[in-house]
Amino acid sequence: MTDSINTSTLSILKTFDVLLEEPLEGYSLMELIPRTSGSKTGVNRALYTLEVAGWVESYKIKGTKAQKWKVAAKFLKSAHDYRTAVLEHIEATKTAYQSITGKEL
């Protein structure tokens with residue numbers, strides 16, 4: 001893997017991490033730049049990549065031409081699916097424990 005690919009990937013992930021700090025409201029490009037320690041071009045590319053992949057979406061800020069970026073429903077669905085799988089695993093563990101020990105966790 002080359003350094004440029006690694007740097008680009010890390011920039012995308014850092015941008016997504018920052019957006020997770022404010023998942024419902026999101027951030028404008030100008031708010032993201034200092035939070036990610038990235039350049040305007042780099043953050044813009046990261047946002048575009050994340051948007052094309054379906055992980056973030058943009059919306060217009062009322063009364064301005066500016067826009068904000070926020071986590072898209074794709075991530076929320078993934079988080080919900082993960083939570084559901086973890087809860088199912090916990091219930092299976094409880095059931096197995098009870099069948100072995102005769103006691104509840």
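**Helix packing, sheet and core in the predicted model**

The axes of H2 and H3 approach to within 9 Å and cross at roughly 110°, where axes are lines fitted to C-alpha atoms, for helices over the stretch in contact, and angles run from 0 to 180 degrees between N-to-C directions. H2 and H3 are therefore roughly perpendicular to each other (angles under 35 degrees count as roughly parallel, over 145 as roughly antiparallel, 65 to 115 as roughly perpendicular and the rest as oblique). Helices (H or I, at least four residues) and strands (E, at least two) are DSSP runs, numbered from the N terminus. The structure is a predicted model, in which local features need pLDDT of at least 70 and side-chain atom pairs count only at pLDDT 80 or more, while totals for chains, interfaces and linings use all residues. Residues are numbered from 1 along each chain as its sequence is written, and side-chain values use heavy atoms, with hydrogens and water left out.

On the H2 side, the contact is made by Leu29, Leu32, Ile33 and Thr36, and on the H3 side by Lys40, Val43, Asn44 and Leu47; contact means heavy atoms within 4.5 Å. Sorted by class, these are 5 nonpolar, 2 polar and 1 charged residues (Ala, Val, Leu, Ile, Met, Phe, Trp, Tyr, Cys and Pro count as nonpolar, Asp, Glu, Lys and Arg as charged, and the others, Gly among them, as polar). Threonine 36 belongs to helix H2 (residues 29-36) and is buried, at a relative accessible area of 12%; buried means under 20% relative accessible area, exposed over 50%, and partly exposed in between, with a 1.4 Å probe and protein chains only. Not counting residues up to four places away in sequence, threonine 36 touches Lys14, Thr15, Val18 and Val43. Valine 43, with neighbours within four places in sequence left aside, is in contact with Leu29, Leu32, Ile33, Thr36 and Gly38.

The loop between H2 and H3 holds serine 37. This residue has a positive phi of about 60° although it is not a glycine, and serine 37 is exposed, with a relative accessible area of 69%.

Turning to the sheet, 3 strands form an open arrangement in the order S1-S3-S2, with antiparallel pairing. Its edge strands, each pairing on one side only, are S1 (27-28) and S2 (56-60). Helix H3 (residues 40-52) packs on the sheet, where it touches S2 and S3, and its direction makes about 110° with that of S2. Two strands pair if DSSP finds at least two bridges between them. Strand S3 (residues 67-71) is joined to S1 over 2 bridges and to S2 by 5 bridges. Glutamate 57 stands opposite lysine 70 in S3. The hairpin of S2 and S3 has 6 residues between the strands, and glycine 63 there takes a positive phi near 80°.

Serine 28 is found in strand S1, and its bridge partner in S3 is lysine 68. At 14% relative accessibility, serine 28 counts as buried. Apart from neighbours within four places in sequence, serine 28 is in contact with Gln67 and Lys68.

Finally, the largest nonpolar core has 15 residues, and those with the most contacts inside it are Leu19, Leu32, Val43, Leu47 and Val56. Helix H1 (3-21), H2, H3 and S3 each supply at least two residues of this core. A nonpolar core is a set of buried Ala, Val, Leu, Ile, Met, Phe, Trp, Tyr and Cys residues joined through side-chain atoms within 4.5 Å.
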